[in-house]
Number of protein chains: 4
Amino acid sequence: MPLTPPDPDFESRTRASFAKQAAMATIGARLARVAPGEVHIDLPFREDLTQQHGFIHAGILATVLDSACGYAAFTLMPADAGVLSIEFKVNLLAPAHGDVIRVRSRVVRAGRTISVCTADAFAARDGQERHVTTMTATMMTVTGRDNVTG
Amino acid sequence: MPLTPPDPDFESRTRASFAKQAAMATIGARLARVAPGEVHIDLPFREDLTQQHGFIHAGILATVLDSACGYAAFTLMPADAGVLSIEFKVNLLAPAHGDVIRVRSRVVRAGRTISVCTADAFAARDGQERHVTTMTATMMTVTGRDNVTG
Amino acid sequence: MPLTPPDPDFESRTRASFAKQAAMATIGARLARVAPGEVHIDLPFREDLTQQHGFIHAGILATVLDSACGYAAFTLMPADAGVLSIEFKVNLLAPAHGDVIRVRSRVVRAGRTISVCTADAFAARDGQERHVTTMTATMMTVTGRDNVTG
Amino acid sequence: MPLTPPDPDFESRTRASFAKQAAMATIGARLARVAPGEVHIDLPFREDLTQQHGFIHAGILATVLDSACGYAAFTLMPADAGVLSIEFKVNLLAPAHGDVIRVRSRVVRAGRTISVCTADAFAARDGQERHVTTMTATMMTVTGRDNVTG
């Protein structure tokens with residue numbers, strides 16, 4: 001499916017919104033790539049993001065995956081729209097440890113109101129990647145009085 | 001269903017494991033209550049945990065809900081077992097803002113290998129609570145060679 | 001949360017729509033109760049709905065749970081609206097066998113566009129019930145040009 | 001990932017188990033392809049499987065997707081194992097109508113106890129396919145006293 005963003009400035013708009021997500025800065029997540037219907041985010045490994053076994057906490061992975069899904073959908077939204085997570089689900093496939101967690105998302109369906117996205121997280125170490133988590137998420141386009149972005 | 005933990009020291013074991021989750025300290029989450037098949041966690045509101053609209057990031061909510069579900073299941077596991085998240089799904093019901101996010105989880109089914117838990121997050125302000133997120137999660141009991149807790 | 005249906009004829013409207021679901025008749029599901037934000041459906045056990053071990057197929061359970069969730073949301077929608085399933089997730093808790101599967105759903109959040117519902121299935125035999133499945137579902141209110149109900 | 005089934009007779013074993021799923025015969029689903037970690041199922045359109053708008057009921061789609069996921073995992077299990085659905089989630093992308101619904105599943109992670117699979121449903125008409133549903137599912141390998149297949 002060829003995806004043509006209705007807003008030609010989709011990349012700068014997406015990067016600007018990502019920069020407003022304080023949680024991304026707090027966990028050290030970096031927006032690596034923004035393309036139509038596609039977003040990549042990197043999360044360098046940090047001890048202070050782990051669970052009791054020393055792996056990245058599943059919820060922290062979900063935080064990055066959710067942002068990746070939301071912004072993948074956002075790239076295809078009109079310039080005046082905001083994006084809202086309706087729901088997401090993750091399956092944890094393997095322990096998340098390594099040098100960096102690479103997250104890649106893409107839009108599966110871009111609707112007027114509802115978009116569906118998937119994202120996958122890969123734990124990278126020494127150039128090797130391991131698939132650690134997969135997400136499916138539903139995103140909502142909010143405009144006008146529903147647009148909480150103001 | 002009356003839930004009798006096989007390990008009488010379930011509470012101290014659960015609190016000790018929670019204390020090892022560095023991610024919980026990083027986001028400021030506090031273990032409020034540990035009972036058989038039930039865990040409460042509080043997350044005081046912090047600006048540095050928000051998304052672009054100033055609400056707590058859905059993934060940060062999921063982080064707390066996932067820990068709450070995992071430890072609810074953990075209270076009912078044998079003393080030598082570890083807990084692993086298999087999958088979880090959240091629905092976002094309302095924007096998460098307020099003074100503190102209160103998360104309450106409970107075990108729906110405690111199996112030998114697989115447990116299913118639910119958790120709900122409520123945004124509290126001035127003594128009023130609003131239901132903001134609900135999670136269903138699948139947890140796995142890991143023992144012996146599968147127990148990554150060492 | 002007190003739920004007041006905007007359409008006073010919500011019950012007959014819900015029963016009429018349920019009657020149009022040919023799949024419900026095919027599997028023998030019966031609408032037992034319709035209340036504001038709440039629907040009960042019964043599915044008598046039938047051999048021809050089972051999986052390889054002789055239990056009701058998880059997907060057939062999901063079929064009933066999805067209808068229950070959709071119609072629970074539908075009871076709270078305006079008279080001219082249609083309901084659409086956005087997504088649902090089920091956890092299978094125990095094998096579904098017995099005389100009848102009783103499904104009970106309720107609305108967790110009734111939004112203008114998006115509603116979130118949960119439903120549980122119980123396998124009943126000799127007056128005893130066992131919790132076999134739980135669902136969380138997202139439903140959409142469709143009106144005007146989005147309303148595929150015509 | 002190259003997937004080598006531990007049981008060389010995986011295909012006949014899978015087809016034999018599928019044949020025992022009475023629900024598949026009831027809805028008219030046909031096992032089209034069985035390969036290591038991959039299963040295709042076709043569901044010809046039938047009026048008696050529809051919801052109130054004349055599309056295939058989301059739960060009926062989930063029934064086929066669940067079987068596809070379960071049997072994709074089953075192809076990679078030992079000869080004496082049974083497969084059990086732990087949970088699944090579907091996102092509905094577009095109305096399911098057409099001549100036949102084609103479902104394709106594949107294993108994302110094949111673990112000793114837990115496997116994760118995805119499946120997609122496409123509505124086909126006049127040689128054109130439309131992506132209508134996507135599922136992520138968790139399957140469990142059951143052996144010995146847990147193996148309910150007897």
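Two strands pair if DSSP finds at least two bridges between them; helices (H or I, at least four residues) and strands (E, at least two) are DSSP runs, numbered from the N terminus. In chain D, strand 4 and strand 5 are joined by 10 bridges and run antiparallel. This is a predicted model, in which local features need pLDDT of at least 70 and side-chain atom pairs count only at pLDDT 80 or more, while totals for chains, interfaces and linings use all residues. Residues are numbered from 1 along each chain as its sequence is written, and chains are lettered from A and ligands numbered from 1 in the order in which they are written.

- An open sheet of 12 strands runs in the order 1(C)-2(C)-4(C)-5(C)-6(C)-3(C)-3(D)-6(D)-5(D)-4(D)-2(D)-1(D), and the pairing is antiparallel.
- At its edges lie strand 1 (30-35) of chain C and strand 1 (30-35) of chain D, each of which pairs on one side only.
- From one strand to the next, the twist averages 20° (axes are lines fitted to C-alpha atoms, for helices over the stretch in contact, and angles run from 0 to 180 degrees between N-to-C directions).
- Helix 3 (residues 58-74) of chain D packs on this sheet and touches strand 3 (82-92) of chain C. In chain D, helix 3 touches strand 2 (38-44), strand 3 (82-92), strand 4 (100-110), strand 5 (114-125) and strand 6 (128-142). The direction of helix 3 makes about 135° with that of strand 3 of chain D.
- Strand 5 (residues 114-125) of chain C is joined to strand 6 (residues 128-142) of chain C by 12 bridges, and the two run antiparallel. In this pair, Ala123(C) is opposite Arg130(C).

**Strand pairs within chain D**

- Seven bridges connect strand 2 of chain D with strand 4 of chain D in an antiparallel arrangement. Leu43(D) has Ile101(D) of strand 4 as its bridge partner.
- Strand 4 and strand 5 of chain D form a hairpin, with three residues between them. Val100(D) is opposite Ala124(D) of strand 5.

**Contact between chains C and D**

- The contact takes 33 residues from chain D and 33 residues from chain C (two residues are in contact if their C-beta atoms, placed from the backbone, lie within 7 Å).
- On the side of chain D that touches chain C, the elements giving two or more residues are helix 2 (22-27), helix 3 and strand 3 of chain D.
- The residues on that side of chain D are 13 nonpolar, 14 polar and six charged (Ala, Val, Leu, Ile, Met, Phe, Trp, Tyr, Cys and Pro count as nonpolar, Asp, Glu, Lys and Arg as charged, and the others, Gly among them, as polar).
- Strand 3 of chain C and strand 3 of chain D run antiparallel and are joined by five bridges. Glu87(C) has Asn91(D) as its bridge partner.

**Contact between chains A and B**

- Chain B has 33 residues in contact with 33 residues of chain A.
- Helix 2 (22-27), helix 3 (58-74) and strand 3 (82-92) of chain B are the elements that give two or more residues to the side touching chain A.
- That side of chain B divides into 13 nonpolar, 14 polar and six charged residues.
- Between strand 3 (residues 82-92) of chain A and strand 3 of chain B, which run antiparallel, there are five bridges. Val90(A) has Phe88(B) as its bridge partner.

**Relation of chains A and B**

- Chain B is superposed on chain A by a rotation of 180° with 0.0 Å of shift along its axis, at an RMSD of 0.0 Å (copies are superposed by least squares on the C-alpha atoms of residues with pLDDT of at least 70 in both).
- That is the relation of a two-fold axis.
- The C-alpha of chain B nearest the axis belongs to Lys89(B), 2.0 Å from it.
- The copies meet through the same surface, because 100% of the interface residues of chain B are also interface residues in chain A.

**Strand pairs within chain B**

- Strand 2 (residues 38-44) and strand 4 (residues 100-110) of chain B run antiparallel and are joined by seven bridges. Leu43(B) has Ile101(B) as its bridge partner.
- Strand 4 and strand 5 (residues 114-125) of chain B pair in the antiparallel sense over 10 bridges, and form a hairpin with three residues between them. Arg102(B) is opposite Phe122(B).

**Helix 3 of chains B and D**

- In helix 3 of chain D, 17 of 17 residues are buried (20 or more other C-beta atoms within 10 Å of a residue's own; exposed is 12 or fewer, partly exposed in between, with C-beta atoms placed from the backbone).
- Helix 3 of chain B likewise has 17 of its 17 residues buried.
- At 1.5 Å a residue, the 17 residues of helix 3 of chain D should span 24 Å, which agrees with its end C-alpha atoms being 24 Å apart (the expected span is 1.5 Å times one less than the number of residues).
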